Amino acid sequence: MEITNVTEYEAIAKQKLPKMAYDYYASGAEDQWTLQENRNAFSKILFRPRILIDVSKIDLTTTVLGFKISMPIMIAPTAFQKMAHPEGEYATARAASAAGTIMTLSSWATSSVEEVASTGPGIRFFQLYVYKDRNVVAQLVRRAEKAGFKAIALTVDTPRLGRREADIKNRFTLPPFLTLKNFEGLDLGKMDEASDSGLASYVAGQIDRTLSWKDVQWLQTITKLPILVKGVLTAEDTRLAVQAGAAGIIVSNHGARQLDYVPATITALEEVVKAAQGRVPVFLDGGVRRGTDVFKALALGASGIFIGRPVVFSLAAEGETGVRKVLQMLRDEFELTLALSGCRSLKEITRDHIVTDWDLPRISPRL
């Protein structure tokens, strides 16, 4: 069967993967309300297309932190990619590079920063979890910098791991043939089996719950790399992130895997964009499955979007080829959305190209 959209990869991944692996990638926290809402919220945004505009030439290129990329669609950090496919992060890195876009490597990757760098050229960011042992953090950041990574995406929504009930039921743990490659030499690469989720126990033991804004400033003393704060959902925290010297903000609810009943990221986006006041770029992470979703995020002020689950599901289904196809399908759909909305470049996408549930009626009906 020919795959014609990104969502179709999920069913194939479910067939191919062991239950523990699929459930780890697919599930959200607790009732999974936010997991559903991350998708559903996009359907509450409708288009106001403009017609009779010459759309024979469309330019999708953009710059992120000064790096030119082919489109505003980037790869979010997702852990344990070799659990989806033997080539794991190598395949994802090659696919991102071929598409001319950015890959973010997870701290909990099953391939190291050096290994991913060895796949060839490409613009890559490194997602960071802050461990209790700050020497481990400093060492990791130095290694990422040395391996040519261009930015740090600091995850700030995980002082503790969210309650992911599928992982508890499955007693989730990393398969024995895999390790957290970035931590292998530090005796932190293995995850013990636990009476609930092995990952939850690992986080409880290793990740620093005292993490605060002063640590964002500390991070800037140990690296020259720009720091993106990943996991912001409010105006208040947006202002604090800017004050703390963040180079950008990623609006994220961790794929709905942390606190359930937070808004969809597309719903939280505009509040964050308004609070940022153009001082730093704002990106959206979560729920994007269509080119139309990308357009909606940009219309609400995002500078770009990140995709997570579509990458691991397509990786499970078809390896590097699958990830390449996902990036190409989203690109093609996004380009078509621009054409049909009357936009020739990203800067032509405006707030007036969409109408949302929370907008006031533009034209009051005559009584």
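**View 1. Ser-27 and Arg-257 meet in a polar contact.** In this predicted model, a polar atom of the Arg-257 side chain sits 3.0 Å from the backbone oxygen of Ser-27. Look for Arg-257 in the loop that runs between β9 (248-251) and α11 (265-276). Its relative accessibility is 9%, so Arg-257 counts as buried. Setting aside residues up to four places away in sequence, Arg-257 touches Tyr-24, Tyr-25, Ser-27, Gly-28, Ala-29, Gly-162, Arg-164 and Arg-309.

**View 2. Tyr-129 and its surroundings.** Here we move to the loop between β6 (124-128) and α6 (134-146), where Tyr-129 has its place. Tyr-129 is buried, with a relative accessible area of 6%. Among the residues Tyr-129 touches, beyond those up to four places away in sequence, are Trp-108, Ile-207 and His-254.

**View 3. Binding-site residues from the record.** An unreviewed UniProt entry lists Tyr-24, Tyr-129, Arg-164, His-254 and Arg-257 under "binding site". The lining of the largest pocket includes Tyr-24, Tyr-129, Arg-164, His-254 and Arg-257.

**View 4. The largest pocket.** This pocket has a volume of about 710 Å³. Of its 38 lining residues, Tyr-25, Gly-255, Arg-257, Gly-308 and Arg-309 are the closest to the centre. Helix α3 gives the most to the lining, with five residues. By type, the lining divides into 17 nonpolar, 13 polar and eight charged residues.

**View 5. The second largest pocket.** About 520 Å³ of space lies here. The pocket has 27 lining residues, and Val-156, Asp-157, Thr-158, Pro-159 and Gly-231 lie nearest its centre. The largest share of this lining, three residues, belongs to β8.

Definitions and conventions
Residues are numbered from 1 along each chain as its sequence is written. This is a predicted model: local features need pLDDT of at least 70, side-chain atom pairs count only at pLDDT 80 or more; totals for chains, interfaces and linings use all residues. Side-chain values use heavy atoms; hydrogens and water are left out. UniProt positions are given in the numbering used here, feature names are shortened, and annotations may be inferred rather than shown by experiment. On a 1 Å grid over the protein atoms alone, a cavity is a set of points where a 1.4 Å probe fits but cannot get out, and a pocket is an open set with protein on both sides within 12 Å along at least five of seven lines; lining residues have an atom within 4 Å of a point. Helices (H or I, at least four residues) and strands (E, at least two) are DSSP runs, numbered from the N terminus. Buried means under 20% relative accessible area, exposed over 50%, partly exposed in between (1.4 Å probe, protein chains only). Contact means heavy atoms within 4.5 Å. A polar contact is a pair of N or O atoms within 3.5 Å; within protein, one must be able to donate a hydrogen and the other to accept it, and residues adjacent in sequence count only if both atoms are side-chain atoms. Grid points are joined across faces, edges and corners, and a volume is the space filled by probe spheres set on the points. Ala, Val, Leu, Ile, Met, Phe, Trp, Tyr, Cys and Pro count as nonpolar, Asp, Glu, Lys and Arg as charged, and the others, Gly among them, as polar.
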